[in-house]
Amino acid sequence: VKDLFVEPMRHGDVIEASKGIAKGMIKVTSGFAGTAAALTFDKEFQEERKQIQREAAGEGFSKSAELGGKRLVSGVLQGITGLVESPRQGLQEGGARGMVKGFGKGVVGLVAKPVSGIADAVSLTSKGAQNSLQKKGK
């Protein structure tokens, strides 16, 4: 949250302050998405997130919005399917105890994965818009 308020104050005029606010929002939403992804304890989900972030680096608005939409859809779908898949996988790997752990992981993922996807969609799209504006401004 500090980035949201401190970053804009480093700039003097309204245009520069709005750029600072956008930069702060990108940091906040990206950090929030990363925290939500970490809460899932799903290494594949986390790696997919990192891969999409690498793809989006330096891209303009259109490509970043496309990748943000991909993260949003992926987060929602994986959150829903994880409610069934995580207990099933836990059962295979650890019996009844694994199934209970998998159920807990699935319930957390049901919330955390869509939240991560939504925050990434906002962050990636905002960063892409910022990149496009910077390219036009040069």
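These are short notes on the predicted model above.

1. Ground rules. Residues are numbered from 1 along each chain as written, and side-chain values use heavy atoms, without hydrogens or water. In this predicted model, local features need pLDDT of at least 70 and side-chain atom pairs count only at pLDDT 80 or more, while totals for chains, interfaces and linings use all residues.

2. Fold. The protein has 4 helices and 0 strands, in the order α-α-α-α. Helices (H or I, at least four residues) and strands (E, at least two) are DSSP runs, numbered from the N terminus.

3. Burial. Of 138 residues, 33% are buried. Buried means under 20% relative accessible area, exposed over 50%, partly exposed in between (1.4 Å probe, protein chains only).

4. Salt bridges link Arg 49, Arg 71 and Asp 120 in a network. A salt bridge is a side-chain nitrogen of Lys or Arg within 4 Å of a carboxyl oxygen of Asp or Glu. Arg 49 and Asp 120 have their closest N and O atoms 2.8 Å apart. This pair joins helix H3 to helix H4 (residues 61–137), across 71 residues. For Asp 120 and Arg 71, the closest N and O atoms are 2.9 Å apart. Arg 49 is buried at 8%, Asp 120 at 1%. Arg 71 is buried too.

5. Another bridge. Glu 47 pairs with Arg 54, closest N and O atoms 2.9 Å apart. Glu 47 is partly exposed at 39%, as is Arg 54 at 47%. The whole structure holds 6 salt bridges.

6. Backbone check. Phe 41 has a positive phi, near 55°. Most residues other than glycine have a negative phi. Phe 41 lies in the loop between helix H2 (14–39) and helix H3 (43–56). Its relative accessible area is 63%, so Phe 41 counts as exposed.
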